[in-house]
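Trainee: I have a new model open and would like to learn to read it. Can we go through it together?

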Amino acid sequence: MGYVTQILEVLALLFVFALGAVVLTVAVFYVLDRTQPGDAIRRNYPVIGRFRGLFTKLGEFFRQYFFAMDREEMPFNRAQRDWVSHATKGGGNTIAFGSTRNLGVPGTPIFVPAVFPPLDDQFAMTAPMQIGPTAAIPYMAKSIFNISGMSYGAISRPAVEALSRGAAKAGIWLNTGEGGLSPFHLIGNCDLVYQIGTAKYGVRDALGNLSDERLREVSDNPCIKMFELKLAQGAKPGKGGILPGEKVNEEIAAIRGIEVGKDSISPNRHADINDYGELLDVIGHIRQVTGRPVGFKTVIGSSEAWEPLFEMIMARGPDCAPDFIAIDGGEGGTGAAPMPLMDLVGMPIRDALPRMVDLRDRYGLKNRIRMIAAGKLINPGDVAWAICAGADFVTSARGFMFSLGCIQALKCNRNTCPTGITTHDPYLQRGLVVEDKYLKVANYAKSVIKEVETIAHSVGVAEPRLMRRRHVRLVQADGTSVAFNKIRPSYNADAGL
């Protein structure tokens, strides 16, 4: 009994101590809240007002898991993410009972089934397509669906490794992003597109100018198949890349040629490219030095602003043309960008892509310049629509992030990504197991390609690139649908294209 009494006395003392600590903490918070000038709610409602901030942060969590419907969440809803998750398993990705998609939402694409589609033995796989016929070493691209630019720095070492190995297994290309070529891009021995951003990381001299010597060193690597000059991206048009200082470790600093622990902010545009003439000059110079196909990535605000480029190409001759143009939509994503640019600047991909395709085709450059579409295209229907609109290839970054296990925590601009994809914290990176994730990357890519081919088969063509605008209808505000080629006829409409 004596021991029991002593234990009860200790517990009573601990309870009193804990209660006193709580009262003291509340009193301290009360004084702090009453005297601080920055937050009116906490000043008027001390202590209790602190719960507003807590509940605001928790609201994001509860909306994602409990309150938002499958098709409501942004930027990607649960139905989109779940499709990717199922696709990464490599099995069937069928659903039961009926679609949860509201087919009355304006802009929804509805593919037109053929009355007599090809028989199963007439169903062909997507053929490879050549990029850069005038380059010394053209690239025969095998896949219509590939990995868009994500630099080492913006994403972690195991993420890059998994993407590299997954790309090799699926037979698709991986864009390095603007952070330069890391050893981890090369682990899978996959096809690589080297992106040259405005800071020219990895291919610049001591003064930050484009270095022919560094270009040759990079292009000597057989994994490098093309070079992409990044003019702009959809999430931040007119703003250079932003890599927060907490992500800049010694390894990343060495690859990029920057200081450890300091924000890496690229210029808002290439200082040596002031007009379309200089753009074509730089593209031609890189192609001559490297022997590889060269194109550029941008986001547009109007197609009229780009007409002088095509006029100049025709005046100089098609040999001076970029080998590809990658169009990013204003809904594109990134690790860090100012909200006004992410929300308000740049044409959405569903408006921008057909405009640029028509501009290219009007000048007779369809077989010279390949068109690549990017910007929130992660599911088979998105990819199939882009092919119908005239894209030769589609690339995705966030789709492949989902295949790596991204949960849309919206912490890419910090070093606290809970899935280890966009963090350089070794503890958090442990969650990303490369041996598992690279298979999921490959399965996701293969699933998208297979189901786009299924859609193509359904509309009556043998392979996706034979799909045209007449094969898809777009839902209008009154709930009816109109054929895409009636809303925006392609330049070759008379030829049935």
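Trainee: Which residues line the largest cavity?

Mentor: First, the ground rules: this is a predicted model, where local features need pLDDT of at least 70, side-chain atom pairs count only at pLDDT 80 or more, and totals for chains, interfaces and linings use all residues. Residues are numbered from 1 along each chain as its sequence is written, and side-chain values use heavy atoms, with hydrogens and water left out. A cavity is a set of points, on a 1 Å grid over the protein atoms alone, where a 1.4 Å probe fits but cannot get out, and lining residues have an atom within 4 Å of a point. The largest cavity is lined by Ser148, Gly149, Trp173, Asn175, Val193, Met226, Glu228, Lys297, Phe324, Ala326, Ile372 and Thr395.

Trainee: What volume does the largest cavity have?

Mentor: Searching the whole structure gives two cavities of 30 Å³ or more. Grid points are joined across faces, edges and corners, and a volume is the space filled by probe spheres set on the points. For the largest cavity that comes to about 60 Å³.

Trainee: Which strands each supply at least two residues of its lining?

Mentor: Strands (E, at least two residues) and helices (H or I, at least four) are DSSP runs, numbered from the N terminus. Three strands qualify here: E5 (173-175), E7 (224-230) and E11 (324-328).

Trainee: Is Arg287 buried or exposed?

Mentor: Arg287 sits in helix H8, residues 276-290. Buried means under 20% relative accessible area, exposed over 50%, partly exposed in between (1.4 Å probe, protein chains only). Arg287 has 9% relative accessibility, so it counts as buried.

Trainee: Which side chain does the side chain of Arg287 join in a polar contact of 3.0 Å?

Mentor: A polar contact is a pair of N or O atoms within 3.5 Å; within protein, one must be able to donate a hydrogen and the other to accept it, and residues adjacent in sequence count only if both atoms are side-chain atoms. The Arg287 side chain also reaches a backbone oxygen, that of Ala321, at 3.0 Å. The side-chain partner is Asp323.

Trainee: In what order do the three strands of the open sheet lie?

Mentor: Two strands pair if DSSP finds at least two bridges between them. E1 (109-111) and E15 (481-483) are at the edges with a single partner strand each, so one side of each lacks a neighbour in the sheet. The pairing is antiparallel, and the order is E1-E14-E15.

Trainee: Which residue of E14 is the bridge partner of Pro109?

Mentor: E14 covers residues 472-475, and three bridges join it to E1. These two strands run antiparallel. The partner of Pro109 is Leu474.

Trainee: How many of the ten residues of helix H12 are buried?

Mentor: H12 spans residues 380-389. Among the buried ones are Pro380, Trp385 and Cys388.

Trainee: Where is Val47 found?

Mentor: Most residues other than glycine have a negative phi. Val47 has a positive phi, near 70 degrees. With a relative accessible area of 17%, Val47 is buried. Its place is the loop between helix H2 (40-44) and helix H3 (50-67).

Trainee: Is Asn189 buried or exposed?

Mentor: Asn189 has a positive phi too, about 60 degrees. Asn189 lies in the loop between E5 and strand E6 (191-196). Its relative accessible area is 57%, so Asn189 is exposed.

Conventions. 1 Å grid on protein atoms, 1.4 Å probe; cavity = no way out; pocket = protein on both sides within 12 Å on 5 of 7 lines; lining within 4 Å.
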